Structure formats: C-alpha cells, structure tokens
Amino acid sequence: GAVSGLALLSKANGELRTVQPHRTAQAGTVMAPFANRVKNGSYSFQGTTYHLNDGSSHAMHGLLPAELPCTASTIRPGAASVTLSHTFDGSNPGYPFAVAVDFCYTLDQDGFRIDVTARNVMEGSAAPFMCGWHPWFCVGDTASAVVQLDPRSSWNVCDHLGSIPGTH
C-alpha cells in the first residue's frame, strides 16, 4: 500500500503540479503498527519486552507487507477513493497482537487524504499501535518552501490501542 506518485491542480494558477515524486524505497508508504524508529528494535508494553528484530539496529517503517489487498473502492464525479486493508494476526513474535487496519485513500476537490481505521480484534487485552505515512514531497525552492497543514484535519487514536513506547 503506497502512493506511487501524486499530482494536484494548483489553486493559485490551475496548473497540474507533481507534489510527490514517483515511488522509490519507502516513499509514499504507510507504516504500522509503528511508524518511527524503535531503538534497537525493542519495546516494552504492559511489563513485557518485545523484539522487532535482532537488536542490532533500529526497527523502521512498520511491519506491513509491500502489497495490501484492495477491500473497497468508489468512483464518482470529481472524487475517487480506495481502501487497502491488513490484519496483524498476532503471529509475529515482535508484535503478537491482533489489529485490523484499513487505509482509505481519497482524492477529491479538497485534495488528497488518507483516513486510517485501526481495530483491536483481541478480546479483553490492549494492543500497542501507531501508524504514519512516509511522504516525500517535491518543492521548488527548499529555502522558501512552506508546509501548511489543513486545520480541518485531525488525528484520532482509539484509547484502547495505545502507542508503542520508546519510538522517536
């Protein structure tokens, strides 16, 4: 599940402009159940220490597979969306938690957004969870580039999921 490239119409002049280059490495990917580097690949949750790798380096970019199945899509005049999904089934010793995640990508007249829904599918226990997006944006002049976040957007995390401590 990744955005392989993104071009949007400029509200200022109506021209189509590439804002994210074609995908290379991790550019454009979504990351879960952790999004930042996890120091030495280890974290503690509810008194237990888990190891995401062999401990020789930081764990990065989450545990999602390179390809996610499409579970829904809609197309209407001026808008389109696609939902890609994955369920962490608890079989990974570094992340033995069952969490289902949906990533809904929408492109419409307001721009581009990714809505994330994560559900803890374990009975009676919490699961650490964090997600993020790894965009690489094209800018003309890096000395004067400005990133403006949409004040209408928000980031909501379900209280019962929590986040993985020790990320940076």
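## The sheet

Four strands line up here as an open sheet, in the order β6-β7-β8-β9, with antiparallel pairing. Two strands count as paired if DSSP finds at least two bridges between them, and the strands themselves (E, at least two residues) are DSSP runs numbered from the N terminus. At the edges stand β6 (70-76) and β9 (111-120), each with a single partner strand, so one side of each has no neighbour in the sheet. From one strand to the next, the twist averages 15°, based on axes that are lines fitted to C-alpha atoms, with angles running from 0 to 180 degrees between N-to-C directions.

Residues are numbered from 1 along each chain as its sequence is written, and side-chain values use heavy atoms, leaving out hydrogens and water.

The pLDDT, the predictor's confidence in each residue from 0 to 100, averages 78 for the protein, and 73% of the residues score at least 70. Over residues 154-168 pLDDT stays under 50. Where pLDDT is low, the predicted coordinates should not be read in detail.

## Strand to strand

Let's walk through the pairs. β6 and β7 run antiparallel and are joined by 6 bridges. They make a hairpin with 2 residues between them, and Gly78 in the turn has a positive phi of about 80°. Across this pair, Thr74 stands opposite Ser81 in β7.

Next along, 10 bridges join β7 to β8, again antiparallel. Ser81 turns up here too, standing opposite Thr106 in β8.

## The nonpolar core

The largest nonpolar core has 23 residues, and those with the most contacts inside it are Tyr43, Phe88, Tyr95, Val99, Phe103 and Phe129. Such a core is a set of buried Ala, Val, Leu, Ile, Met, Phe, Trp, Tyr and Cys residues joined through side-chain atoms within 4.5 Å; buried means under 20% relative accessible area with a 1.4 Å probe, protein chains only. Two or more residues each come from β4 (42-45), β7 (79-89) and β8 (98-108), and β8 gives the most, with 4 residues.

Take Phe103: leaving aside residues up to four places away in sequence, it touches residues including Val30, Leu64, Val82 and Ile114. Contact here means heavy atoms within 4.5 Å.

Conventions: Buried means under 20% relative accessible area, exposed over 50%, partly exposed in between (1.4 Å probe, protein chains only).
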